[in-house]
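Hi,

Here is the structure I promised to pass on. Have a look at it first, and my notes follow below.

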Amino acid sequence: MRFQRMSSSSHEHHARGDVDGTGTWAWSADFQSARNMEPGFIEKLYRYPETLAHWIVLVPFLSFAFITLKLAVNRNVWHAHPAHDSVGAHGSAPKTGPKGPPTVWQSYGWFLLVIAAGIVLLLIRRFGAGLLIDYGPLVRAWPIWVLVVLVFALPNNSRKWIQKYGPYISVGAIAFSGLIAISLWLKTLRVGMYPAGSPDGEIWRQAFQYTWFTIGDWHLDIGLKLDGFGVFGAFMVTTVAMCIQWFSLGYMWDDEYGRKHIARYFAEHSLFVTGMLGVVLSDNILTFLIGWEIMGLCSYLLIGFFTFKPSANAAQVKAFITTRIGDVGFMLGIFLLGLMFTYTQSPISLNIDEIRHVVTSYDWWAVNLGWLPTAAALLIFLGAVGKSAQFPLHVWLPDAMEGPTPVSALIHAATMVAAGVFLVARFFWLFELSPTAMLTVAWIGAITAFGAATIGVTQYDFKRILAYSTISQLGYMMIGLGVGAVSAGIFHLLTHAYFKALLFLGSGAVIYGCRHIQDIRYMGGLSKRMPITYVTFLAGTLALAGVFPFAGFWSKDEILGAAFHLAQHGYRRIVEIQTGDEVARYTTQVIAPNWGLLVIWLLGLAGAFLTAFYMFRLMSYVFLGGPKGDYEYRAKQSPDYGHHPKGEADTKAYEAWPTPPGPFDEIEHHHGPIDPKEVPSSMWVPLVILALFSLLFGFIGMPFLGEHNLISKFLHHGHPHFPVADSQTLGLMLVSLVVVLLGVHFGLKINNTEAGVVFKKMLKAGYPKLYRAVYNKYYVDEFYEEYVIQPVFFIVQVARAFDNYIVDGIVNAAGWLTWQFSMLQGWWDNTVVDGLVNAVAWVVGFLSDLVKPIQSGYVQNYMMVIIVFVLFYLLTLFVR
Amino acid sequence: MINPEVPVPVHFYILLATLLFCIGVFGCLARRNAIAILMSLELMFNACNIVLVAFCQRHGVTYTLQAFSRAQDIESPVGQIYAIFVITIAAAEAAVGLALAIAAYRHFKSINMEDINILKW
Amino acid sequence: MTLDVYQSLWSYLDWVARNLFGAAQPHLWFWALSVVILASGIGVVTTRNLVHAAMLLALCFVGVAGIFILLNSEFLAAVQVLVYAGGVVTLIIFAIMLSESITGRKIVAHNRQSVAALGVALMMAIVMVAILLYNQEGYYVGPWRWWVTPQRNDFPAISNAQLIGRSLMSTYTLAFWIASVILAIAMIGALILARGESDIPEERDRPPGTCSMRFQRMRSSSHEHHARGDLKHDTAESEEPE
């Protein structure tokens, strides 16, 4: 790792290490002076956060590793016996440890082993002169050793400690990364990405570069890319993840299962954040893909967090497989990118910048290879479709609500679904090359945005409405990217993360308060009982709907404006050709202006109307109005009654795991009349923070700012495009605002007024088939089940039959042949071999029986024999 | 009525003796009674005697000694002497054999040779 | 008259015999005696009655004695009659008497190998006759070239008895003495062997067909073990059923 950062900034630099006073510090060749000159950690944190950028990714990973290792090592789960609680879900748990109280060896033996291993290593180092190995990498990986020692240093006899304090470790890790990310963001805003006079433009290009391995001449360099996407993305991810983890501290502690497995939850959470940060900050495809896959894994694990629920199991498998289908496309796209290298005869590199340089500097359409970037872009978009739940592969997102609500917040607001959009944004230069790809992105986004919004109107599950709203908003982001407004799409991504996380956490608070009822038809009037939740949820809803001046307004409006602009002017791409020292720049028209593309804008507008409509319908169901009767009665009517895992909810509080002192004291766990109360402060504080974000974050992207539009300033691929606040823009804003307000109005009215109710019943009665189709999500799941899964199962049956009958038949035949052969051998051995032996004996007996009568004991016999022999003798004498 | 002009060729005596001997062999091998076997044995002895005496007669009862350069006829009835001894020994042997047969009969309670078959392993 | 008949008959037979064999013709007495000898010999080996056999044996001896006379050995003929026909046959008769085998039981005269013995005897006869008829070179010399016994026409100066006596006392004295010793030994041996066993009680009560303790022998394991001394089961063909 080399510290090679030159940073020039506008304010004075007389910090340590600042050699020439220009704000740049350098690593001195002189070791001693370098030690004096290197800035300390705190200074690095607020002044040079780019030097700590790698910790953003590493620290959550270390927390995940620590928690997982501790869980793995602590196998003896030791319950302090609740003597009066023998009847329960874990009635078969031993009263003390599996074999009694833990011994000293069980507690500290691992630690002693680690110490002994360290001593052995030191001895080898000291005395093993022949063992010349390079200790450099071992020393540089000091966090691993610290981790290992920490894991084993603590007593390992029970999981109590890690379940109690693991969550805090995780939150602390995210907070630490958040600090660095915030500092990085602030510095970016302060310094700017392209300070004037900087020769190479992006000064943040490589903050961290490491050669992973070399194959001959080729070496794989991985590193972090701290451009606009990276910094803003990291900022968003860490802040949202911090709030979500903070919220989950209280949320997961509520039920028995969560309390027992909270450490696993936070470990998976931290790993998830690691993955997303890897996606956002990586500069090469390999680490991007690694982070991508980590997120896929963690979404699988987290959706199926409640391992006892078969519906959760089905949902996790569905999510993983659906995103996997997208991943196949993603990887094929990468391979096509590699194929592009062969056409351009450049050495293959995994660095995104280098790929971009190679791909964009070659005129594919001229050599009739235009299909190559199109295909690559479409395949990469397929990955985004899977991950970001666009139209064909959106089916996993509603079912992913089986996971705990904070998981839904994280995965489906901020991180995983954002990764697909990030992918398209990062590779936008590839999509720029082909109009087909861009339009595909735009149209699919439009279809998704509108379709999901229509479905969301009819749903009754709280989280499911929010899931469809997520799908719809992701469609918006894709529209933004597809029409060429990359900064608009990413802007919407960032704002959406905040208000969607807020909405999900708000729903979590409501579910928490209503004892895990999720059906909104049984809720009502919670605005009075849970005021803070109500206010923050309202803020989130307004942001989502796109009401001025909340964040969603600015971002959604920018997208719609860009869509209109596409229909009006088409899309122009800026091409740069570098010949020697000169850079020639010109624009090409990628997409021609076409008023047929206005449909995209119309779909977006309709989606905005529907979004506002169903969100305020949700509000009216849940928060407004009065309670519609007794919650207890309605709880029993709820289809989600018994949402608690069977049996675990009926036990008393887990006395071996006493609630930590503090905000959890007022949690009472009993099934009485449901009395929704406000959530404790540990849970509404994150809500407030997120509400502030959703209120204020949008202002940095207002089109009125011109050059100060931070979003447009930083989120681009080298050519910032600052939106102009002209009359067209303002007019479109007004139109969308009117549409949204109409949606708000009708959404509020649809349930609370008679006219609305009558209208609803009329729609349902008038178009029953349409209503049923929309309610059943346009039967997409059933379509997949019928035409995709059943054929696969058929193939599975064929393969199974093949395996059972043919392969096993061959194996059985081999066994049968062996058996037959052994029978043959047995026959051979018994009949032939033994027969031979018996035959020999029989021959001997036969001959002896032949010979035996010679000795008859009969003297006259003997005499005759003598005479016969004498006769023979006479014959031989006298007969010639 | 011996016709001295026609001598009997010795072959006939040999033939006679041969046949008598073979008859004796047959009887020796084929008779069950031990005493009958001894009787057949006597027949064989007699056959030998006939041959002995026939040869003695054929070669002359006297023996021409050629040793001292003067031919001298020595009385040498070898065959006849031989035959006498054969008779003697045959008689002795018959006595002993019959005593044996009697003794064996007393032990085996049977004169049947087929019952005496213990000369085997 | 009668004498003439016999004389003429005899001369007729003599003429037949003479013409039958030509130059070499054995004497008629020889033929008669040989017939007697052979016939009685066959009778000895064939007859079931032992006494008949003994009588026929005596007849055979007498025939042999006649042969001796033909061979100018009168003394030997007398010795033959005395010793053989008079002594040995008597001895045999006594033995028959002592062996109690003359009761009227129908016993087959010949044993199980009689056919093979006949074959052997025939083979022997054929072989020996062939030796007679064929010379060393293998040519059949036939009966027309047989040697002729040189018959002395003169009566010898001494009688056969004197001849034998002189030889026996002078040339063959050792044989004479050995023969006498042998005779003595034989007498003693016969006495010992023929001694009675009737004073041993278990010998008296032994059932017929069993052997005494003295005849225990090793039996191989391949035989079936039956009762001690059970002889009957050792033979392949036994008269009693199993």
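Tyr778(A) counts as partly exposed because it has 13 C-beta neighbours inside 10 Å. (The cut-offs: buried needs 20 or more other C-beta atoms within 10 Å of a residue's own, exposed means 12 or fewer, partly exposed is in between, and the C-beta atoms are placed from the backbone.) Its phi is positive, about 60°, although Tyr778(A) is not a glycine. You'll find Tyr778(A) in the loop between α31 (768-775) and α32 (780-851) of chain A. Tyr779(A) lies in the loop between α31 and α32 of chain A too, and has a positive phi of about 55° without being a glycine. With 12 C-beta neighbours inside 10 Å, Tyr779(A) counts as exposed. For context, most residues other than glycine have a negative phi, and most peptide bonds are trans.

Before I go on, some housekeeping. This is a predicted model, where local features need pLDDT of at least 70 and side-chain atom pairs count only at pLDDT 80 or more, while totals for chains, interfaces and linings use all residues. Residues are numbered from 1 along each chain as its sequence is written, and chains are lettered from A and ligands numbered from 1 in the order in which they are written. Helices (H or I, at least four residues) and strands (E, at least two) are DSSP runs, numbered from the N terminus.

Pro549(A) sits in the loop between α23 (531-545) and α24 (551-569) of chain A.

Now for the core. The largest nonpolar core has 223 residues, and Ile380(A), Val421(A), Val424(A) and Ala501(A) have the most contacts inside it. (A nonpolar core here is a set of buried Ala, Val, Leu, Ile, Met, Phe, Trp, Tyr and Cys residues joined through C-beta atoms within 7 Å.) Helix α21 (residues 486-513) of chain A gives the most to this core, namely 18 residues. A second, separate core has 88 residues, including Leu19(B), Ala34(B), Ala36(B) and Leu33(C).

Leaving out residues up to four places away in sequence, Ala501(A) touches Val240(A), Cys243(A), Ile244(A), Ala409(A), Ala413(A), Ala414(A) and Leu690(A). (Contact means that the C-beta atoms of two residues, placed from the backbone, lie within 7 Å.)

Next, a helix pair. Helix α8 (residues 228-252) and helix α16 (residues 405-414), both of chain A, pack at an angle of about 170° with their axes 9 Å apart. (Axes are lines fitted to C-alpha atoms, for helices over the stretch in contact, and angles run from 0 to 180 degrees between N-to-C directions.) α8(A) and α16(A) are therefore roughly antiparallel to each other. (Angles over 145 degrees count as roughly antiparallel, under 35 as roughly parallel, 65 to 115 as roughly perpendicular and the rest as oblique.) On the α8(A) side the contact includes Val240(A) and Ile244(A), and on the α16(A) side Ala409(A) and Ala414(A). The residues of this contact divide into 11 nonpolar, two polar and no charged. (Ala, Val, Leu, Ile, Met, Phe, Trp, Tyr, Cys and Pro count as nonpolar, Asp, Glu, Lys and Arg as charged, and the others, Gly among them, as polar.)

Which helix is largely enclosed by the rest of the structure? That is α17 (residues 416-426) of chain A, because 11 of its 11 residues are buried. Among those buried residues are Val421(A), Val424(A) and Arg426(A).

Leu433(A) is in the loop between α18 (428-432) and α19 (435-458) of chain A, and counts as buried with 26 C-beta neighbours inside 10 Å. Leu433(A) and Trp364(A) are 69 residues apart in sequence and 8.4 Å apart in space, C-alpha to C-alpha. Apart from neighbours within four places in sequence, Leu433(A) is in contact with Trp364(A) and Pro373(A).

Strand β4 (residues 582-591) of chain A is hardly covered, with one buried residue among its 10. Nine bridges join β4(A) to strand β3 (residues 571-579) of chain A, and the two run antiparallel. (Strands pair if DSSP finds at least two bridges between them.) β3(A) and β4(A) form a hairpin with two residues between them, and Gly580(A) in the turn has a positive phi of about 70°.

Last, chain B has three helices and two strands, running α-α-β-β-α from the N terminus on. Of its 121 residues, 63% count as buried.

Cheers
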